[in-house]
Amino acid sequence: MNIKTKDKPINLIKPTLVIAILWVFSFYVKAENSPLTVICDEWPPYQTVEKNNVGGFSTKVVEEVFKRMNVKTNKIKAYPWKRAITMVKTGTADALFSANFTEERTKFAIYPEETLVDSPWVMWVREEDNLKYESFDNLLGKKVGLVRGYSYTKDLWEFVKKHNIYEEVTKDEQNFKKLNSGRIDYAAAELGNGFYIIKNLKLNKIVPLKGTPIKSSGLYIMFNNKNVSKKFVDNFSKELKKLKTESVYKFLYNEYFGS
């Protein structure tokens, strides 16, 4: 309503409108200050799960960066990779690690410039088979073990699907067991993860073919682009870059991968 004065009318805002504005404002303040929901998959040595507690190299790095940023998070939980991707895509989760960069994921996620760690992806074989991997043609007539939902490379996926020479599983460990028993000929896996698996499962006959990596790329944490701002991600990247120059990062790396 308006109250007329000698000069001009004074607008009085309805109390209900004031309450609505305050409610909306309080909602966004609460959302901004709420703990982040950060998830991962079980992928040792980067993410390990023991008694429902998530540890591992990447987990400790991520936790240390958030600590330095004074950012609170809910307890980190691990999910199967494909489900985890869906959770961050739909906004059920705010962040997911350790992930490779793909253009497709930038439709729903923001990546920091800084990687958590850099490592190649390679083919693994039984040493006794004397197989080599110099190009995709070496895979013809063989069976390649891949993990459902992993990005690897677009070219690799297209090649194995075209020639129907692949089998999918839900975890890397399954592929290494299949490789060890002769059910597949090649297993594609990240180098650090592969070494951890063959050591943990005592699969001494399996070796990596490091001469021609499938790809060499970093592992990232990625953030849902509707839940988390670009400015926040940039700040995370700056703190991570600083951490990687310090002794604490080198100590963690040596703890999981050796000097």
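Helix α2 passes helix α7 in a right-handed crossing. In this predicted model, the axes of α2 and α7 come within 9 Å and cross at roughly 115 degrees, which makes α2 roughly perpendicular to α7.

**Where the two helices meet**
- From α2, the residues Val61, Val62, Glu64, Val65, Phe66 and Arg68 take part in the meeting, and their partners in α7 are Phe232, Phe236, Glu239, Leu240 and Leu243.

**Helix α7 and its two sides**
- Helix α7 covers residues 230-243, and its 14 residues reach 20 Å from the first C-alpha to the last, close to the 20 Å expected at 1.5 Å a residue.
- Buried in α7 are Phe232, Val233, Phe236, Ser237, Leu240 and Leu243, and because these buried residues fall within an arc of 140 degrees when seen down the axis of α7, they line one face of the helix.
- An α-helix has 3.6 residues a turn, so residues three or four places apart point the same way.
- Lys231, Lys238 and Lys241, by contrast, are exposed on the other side of α7.
- The cover over the buried residues of α7 includes the helices α2 (57-68) and α8 (247-257), together with the strands β8 (109-110) and β14 (215-224).

- Ser58 lies in helix α2, and Ser58 counts as buried because its relative accessibility is 0%.
- When neighbours within four places in sequence are left aside, Ser58 is in contact with Tyr46, Gln47, Phe97, Ser98 and Leu116.

Terms used: Residues are numbered from 1 along each chain as its sequence is written. This is a predicted model: local features need pLDDT of at least 70, side-chain atom pairs count only at pLDDT 80 or more; totals for chains, interfaces and linings use all residues. Side-chain values use heavy atoms; hydrogens and water are left out. Helices (H or I, at least four residues) and strands (E, at least two) are DSSP runs, numbered from the N terminus. The expected span of a helix is 1.5 Å times one less than its number of residues. Buried means under 20% relative accessible area, exposed over 50%, partly exposed in between (1.4 Å probe, protein chains only). The arc is that of the directions from the helix axis to the C-beta atoms. Contact means heavy atoms within 4.5 Å. Axes are lines fitted to C-alpha atoms, for helices over the stretch in contact, and angles run from 0 to 180 degrees between N-to-C directions. Angles under 35 degrees count as roughly parallel, over 145 as roughly antiparallel, 65 to 115 as roughly perpendicular and the rest as oblique. A crossing is left-handed if the near helix is turned anticlockwise from the far one by less than a right angle, and right-handed if clockwise.
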